[in-house]
Amino acid sequence: MHLDIVSAEKSLFSGKVVAVHATLMMGEVGIFPGHAPLLSPLKPGTIKVTMDSGKQQSFYISGGILEVQPTIVTVLADTAIRAENLDEAAALEAQKNAREKLSSCQSQMDYSAALSELAAAAAQIRIIKERKKF
């Protein structure tokens, strides 16, 4: 099947794959050739891609939409970064800033925005730690 990962800034990946694993709002999903059509929002997290060769690539997605068609999977991401390009220091700083914002929120909107920033930073840190294990 064909996979496209596109963010607002650029196309990050386009090519043939045998599997895609993503974090949806309703949970984790594995997509293989012949998967039923699907349209779902994405949570901040990892998109793991398995190529024909068996090689895997990982991408950090801050959120967006996943669309599955019979032979094409499309990820329309708010922000997408190859996992190897994530900056641990920046992610830790973003997590710290989000926690500070959470403690000083004045409105529900501020709280929601800070919570979203915290989730994005936590997802990046989780991906970085997973990559360090291998």
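Predicted model: local features only at pLDDT ≥ 70, side-chain atom pairs only at ≥ 80, totals over all residues.

Colleague: How many residues does the largest nonpolar core have?

Modeller: The largest nonpolar core has 23 residues. Such a core is a set of buried Ala, Val, Leu, Ile, Met, Phe, Trp, Tyr and Cys residues joined through side-chain atoms within 4.5 Å. Among those with the most contacts inside this core are Leu3, Ile47 and Val75.

Colleague: And which elements give two or more residues to this core?

Modeller: They include strand E1 (2–7), strand E6 (45–50) and strand E8 (64–68). Strands (E, at least two residues) and helices (H or I, at least four) are DSSP runs, numbered from the N terminus. In soluble globular proteins, nonpolar side chains tend to be buried together.

Colleague: What is Leu3 in contact with?

Modeller: Leaving aside neighbours within four places in sequence, its contacts include Phe13, Val20, Val49 and Val75. Contact means heavy atoms within 4.5 Å.

Colleague: Is Ser40 buried or exposed?

Modeller: Ser40, in strand E5, counts as buried because its relative accessibility is 2%. Buried means under 20% relative accessible area, exposed over 50%, and partly exposed in between (1.4 Å probe, protein chains only). Not counting residues up to four places away in sequence, Ser40 touches Leu24, Met26, Gly64, Ile65 and Leu66.

Colleague: What about Pro37, then: buried or exposed?

Modeller: Pro37 has 60% relative accessibility, so this residue counts as exposed. Pro37 lies in the loop between E4 and strand E5 (38–42). From C-alpha to C-alpha, Pro37 and Ile72 are 9.6 Å apart in space, although 35 residues separate them in sequence.

Colleague: Let us turn to Val18. Where is Val18 found?

Modeller: Val18 is in the loop between E2 and E3, and counts as partly exposed because its relative accessibility is 30%. Beyond its neighbours within four places in sequence, Val18 is in contact with residues including Met1, Phe32 and Asp52.

Colleague: Lastly, where does Ser62 lie?

Modeller: Ser62 lies in the loop between E7 and E8. A polar atom of the Ser62 side chain is 3.0 Å from the backbone nitrogen of Thr79.

How values were computed: Residues numbered from 1 in each chain as written. Heavy atoms only, no water. Polar contact = N/O pair within 3.5 Å; in protein donor to acceptor, adjacent residues only side chain to side chain.
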